[in-house]
Amino acid sequence: MDAFAAHDRAALLRRQCGAAGGIDARVARALLLDDIDAGGGQELVSLSVTNGTLTLATLNNLTIVGGANGSGSISFTGTVADVNAALDGLRFSPAANFNGAMGLGIAVSDQGNTGTGGAQSDTQS
């Protein structure tokens with residue numbers, strides 16, 4: 001008898017974080033990618049923000065496939081560990097003289113790296 005692991009989707013988790021240090025700190029440690037069956041495969045992550053820009057903590061081992069770091073949107077690929085390193089310290093900078101609500105959207109896809117069922121994804125805003 002053969003056993004096959006189910007193809008689990010990439011998931012976005014929200015970490016508890018304090019407000020110390022202002023809005024940058026709230027965004028910086030709020031996101032975490034988890035994909036139990038990633039197996040070192042490349043995840044695709046897309047971030048977008050209204051009324052400002054996003055800057056990843058690091059670009060090490062990431063490939064930017066759309067947008068740009070330090071802009072309102074960026075899409076990139078990397079392993080779970082590399083994506084989490086980039087998200088751990090993610091900085092939001094509001095537009096000049098902006099005062100109001102902002103929206104952050106994030107989508108991830110495991111690109112079907114392992115398991116059956118094709119690419120699995122998660123989206124949050």
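Asn-84 lies in helix α2 (helices, H or I of at least four residues, and strands, E of at least two, are DSSP runs numbered from the N terminus). The model is a predicted one, in which local features need pLDDT of at least 70, side-chain atom pairs count only at pLDDT 80 or more, and totals for chains, interfaces and linings use all residues. Residues are numbered from 1 along each chain as its sequence is written, and side-chain values use heavy atoms, with hydrogens and water left out.

Asn-84 counts as buried because its relative accessibility is 14% (buried means under 20% relative accessible area, exposed over 50%, partly exposed in between, with a 1.4 Å probe and protein chains only). The side chain of Asn-84 reaches the backbone nitrogen of Leu-33 at 2.7 Å. Residues up to four places away in sequence aside, Asn-84 touches Leu-32 and Leu-33 (contact means heavy atoms within 4.5 Å).

The protein chain holds two helices and nine strands. Along the sequence, their pattern is β-α-β-β-β-β-β-α-β-β-β. The chain has 125 residues, of which 35% count as buried. Its accessible surface is about 6700 Å², and 51% of this belongs to carbon and sulfur atoms (areas come from the Shrake-Rupley method with a 1.4 Å probe; for residues, only the protein chains shown count as cover). Of the contacts between residues at least 6 apart in sequence, 63% join residues at least 24 apart.

The largest nonpolar core has 19 residues (such a core is a set of buried Ala, Val, Leu, Ile, Met, Phe, Trp, Tyr and Cys residues joined through side-chain atoms within 4.5 Å). Val-45, Leu-47, Leu-56, Phe-76 and Val-83 touch the most other members. At least two residues each come from β2 (31-34), β3 (43-49), β6, α2 (80-87) and β8 (104-109). Helix α2 gives the most, with four residues. In soluble globular proteins, nonpolar side chains tend to be buried together. Beyond four places in sequence, the residues that Phe-76 touches include Val-45, Leu-47, Leu-56, Ile-64 and Val-83.

Strands β5 and β6 (residues 73-78) pair in the antiparallel sense over four bridges (two strands pair if DSSP finds at least two bridges between them). Thr-63 has Thr-77 of β6 as its bridge partner. Five residues separate the strands of this hairpin, and Gly-70 takes a positive phi near 85 degrees.

Ser-73 belongs to strand β6. Ser-73 counts as partly exposed because its relative accessibility is 35%. Ser-73 and Val-49 are 24 residues apart in sequence, yet their C-alpha atoms are 6.4 Å apart. Apart from neighbours within four places in sequence, Ser-73 is in contact with Leu-47, Ser-48, Gly-67 and Ala-68.

The average pLDDT is 76, and 74% of the residues score at least 70 (pLDDT is the predictor's confidence in each residue, from 0 to 100). Over residues 1-9 the pLDDT stays under 50, and the model has 23 contacts for them beyond four places in sequence. The pLDDT is also below 50 over residues 12-26, a stretch with 29 contacts beyond near neighbours in sequence. Where pLDDT is low, the predicted coordinates should not be read in detail.

Terms used. A polar contact is a pair of N or O atoms within 3.5 Å; within protein, one must be able to donate a hydrogen and the other to accept it, and residues adjacent in sequence count only if both atoms are side-chain atoms.
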